[in-house]
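Please walk through this protein one region at a time. The text below is meant to be read beside the sequence and the model.

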Amino acid sequence: MATGSRLPLKLLILLGAVAAANLLPKHPAEAQELTYFAPGDILPKTVGGIGSRAVTFPDWIFPMEVGSGTGLHAYIGTQLSTYHGLSWSNDPKLFNYPHRDNQCEPRAWKVQACPSGIGHQGVDIRANDNSDKKWNVIAVEGGVVTSITSNTTVSIKNGTHTVQYLHMHPNSIRDAGIDEGDVVVKGQVLGKVSCFMSGSCSTSRHLHFHAYTGTVGEGRLYHVYPSLIAAYRRAWGMPDGVQNGELTRDPMRETGVPGPRPQSVVVPQTSCAGIQLGDAPSGVDRNAFSSLWLHNCSVMGLVADHVTGARSFVYYRPKAAVKDVVAVDPMLFTGVNEAGNVRGQAKHYSSRCGVAVFDVFGKSFEENGNPVIELTGKRPQRDPTCATTGSVDEVLRFTYTERVSPSNAPVSHVVPNDRITLSEKTRNFLAITFYPDGEGVIRLLPYFAGFPGLAREGGLTDSKGGLIPSVQTDEAGAAISWVWIKKRARFTDGLRIKPRTVAHSMAGVDPAACDSQMRPTPDGIEAAGEVPARDACNRVADYLRGYVGFANGRDFASDYFGRRVNVDEELNLAELDVAWNWMRTMYSHESGRPAVLTRGAFERGLKFGDDYIASFYDGIPDAVKSVEFYQDPCNFAQPDCVTPIAGVRVQPATAEEDHLTDTTEPDQIEELFRLFSGVSARLKKLENAVGVPSSSDERPN
């Protein structure tokens, strides 16, 4: 641009917006001057609270929409004027920090963890301000809605414990679509903060929140305050302060703390000096672990379900001396942790005799400030012929080393108006579904739970009670289905697939269990029983009927390939046209009608899927970009990329249109000239309107 010429209109507007923004009040990067009292420091001071700093639920989010993403706050504190000293429980002075634990305040409820054995069952939380029916209450975790009472207590069970949310306005619960028997997911809106108790507005506007195991009457309530403080800190982009399962003391924010607590020190294992470690066994993914531990100089990954108490130790980086023998079956221990008591089964590996399984039990405890789990049991003693001749005392010791970072938070989802079926509405085009486990809890597998395109609102439930998670965009839907094909399909050979093997994988049925006519084989009957074996083969046949017209079925493949596809024909999905036709075949089988996404969105979705595979499975953190990036055709130079210029949308030239040749028809040249003249006139008019001088030194950017 020539020196002294005026700034372009777009830049002037941008600079004006920046200047205006600098004059506006801003939400701080952190939660105002967040402060909070230590766990157990409750009112009145003469009553003891629960002093434990254990963060029982490290994966919870805060039960209201707060944090740097919204600029909204919440305030944990007593609702009783007897203790807070103000005559009105909704006084604006109460909507301020510090947070204060109020579990075990004087009440008549049985609470085993309280020093007196009775008290307030949980904590009370005020919202951003005193508005009624304005601030959303959200689920701290997933689960099943077991009841909604007249005082609008919403109970959500997750494994062996139940979380309860009290005092929401009943209409807001209905508006949120929450009903008994529903499966909800973490972050789902449950209702709005209000004042309902015993069917009417008869308490201050706040949320009462608690969690328990067994029944409420038994009084086995969890101390929730440390978990909520950790969640609140995360919401504002701060470190949650959790180390070794406890909320560490923060001298800058925690009121009344004289100084920081000494950091835990990992117990050194000097005997491990110089020990060489092998690579992770095939299929072992670091992202599946909650933390890493040391066992006999091997690095172990802990898979911990903090809801059910299930625990598994898996070889992540086995020492070189054992890496080959543990590679086939790397899960060393599986069991449960019940209040620090650990029990389950462990394996003893032998290159000659194979794996022997035996029962173990023990405890989790701290040693020199560091978590340790020690298990003992009697492993089978085997002779040179591998016959069991007795037992030998065995000790398995695991020492904590580090925490594994959690996955990214999911993003919002808007259901398109043109979608009819469950797979279309969720954009989960393969209808990848997750069903309740034995405890009635639905858990997404790590590859899906960590997917950046996962929708915050959860998903839809099928007729069998399974959750079909929603994703945000069509590209995300294509991506997660591509991840399934490339990494989750069990009986395919990479991207070389056969309709039969894909159908077996979708149905979860071993190909050896069914013959070519989809009848159960003797092996299948022996493994599962006659009726289950027949049902399994029928499930496979259902997919093949839809895919390729097996037994005179629908045959969506012929719609897209333009010919009949054989049930055992090899299809190479590395070829883009083949992938497009086959994936549409699968999508249509799930929806029962033509696939709804475009070719451009599909191709961008494949790139999204490949980038996510590189990030999640290959450990390349920067490989995957934002969800929005994959929506823009111009990021991929696709033909449907269009650029607005002065109100005219101009299609980019293809390779054949880069230049005019002698074969260009005169009327085409005339039309191009007319279009160019129109664009030039609009640009000239726009320049005159804003006073931009013409200059031979100016060039388009």
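A residue is called buried when its relative accessible area is under 20%, exposed when it is over 50%, and partly exposed in between, using a 1.4 Å probe and protein chains only. The model is predicted: local features need pLDDT of at least 70 and side-chain atom pairs count only at pLDDT 80 or more, while totals for chains, interfaces and linings use all residues. Residues are numbered from 1 along each chain as its sequence is written, and side-chain values use heavy atoms, with hydrogens and water left out.

The protein has 15 helices and 28 strands; these are DSSP runs numbered from the N terminus, helices being H or I with at least four residues and strands being E with at least two. Of the 701 residues, 46% are buried. Contact means heavy atoms within 4.5 Å. Among contacts between residues at least 6 apart in sequence, 60% join residues at least 24 apart.

Strand β6 (residues 154-158) has a partner on either hand. Two strands are taken to pair if DSSP finds at least two bridges between them. Strand β5 (residues 143-148) pairs with β6 in the antiparallel sense over four bridges, and β6 is joined by five bridges to strand β7 (residues 161-166), again antiparallel. Lys157 of β6 stands opposite Val144 and also opposite Thr162 in β7. The hairpin of β5 and β6 has five residues between the strands, and Thr152 takes a positive phi near 50° there. The hairpin of β6 and β7 has two residues between the strands, with Gly159 at a positive phi near 70°. Because four of the five residues of β6 are buried, this strand is largely enclosed by the rest of the structure.

Strands β20 (residues 356-367) and β21 (residues 370-382) pair over eight bridges in the antiparallel sense, and Val360 stands opposite Gly377 in β21.

Lys347 lies in strand β19 (residues 341-348). Is Lys347 buried or exposed? Its relative accessible area is 17%, so Lys347 counts as buried. Leaving aside neighbours within four places in sequence, Lys347 is in contact with Asp329, Met331, Leu332, Val355, Ala356, Val357 and Phe358. The C-alpha atoms of Lys347 and Asp329 are separated by 9.4 Å, the two residues being 18 apart along the chain.

The remaining region is helical. Helix α8 is mostly covered, with twelve of its 15 residues buried; among them are Trp482, Val483 and Trp484. These buried residues pack against α7 (446-449), β24 (467-471), α9 (499-507), α13 (576-591) and α14 (599-616).

Two of these partners, α13 and α14, also pack against each other, at an angle of about 105° with their axes 11 Å apart. Axes are lines fitted to C-alpha atoms, for helices over the stretch in contact, and angles run from 0 to 180 degrees between N-to-C directions. Angles under 35 degrees count as roughly parallel, over 145 as roughly antiparallel, 65 to 115 as roughly perpendicular and the rest as oblique. The two helices α13 and α14 are therefore roughly perpendicular to each other. Their contact involves Leu576, Asp577, Ala579, Trp580, Met583 and Tyr587 of α13, and Arg599, Phe602, Glu603 and Leu606 of α14.
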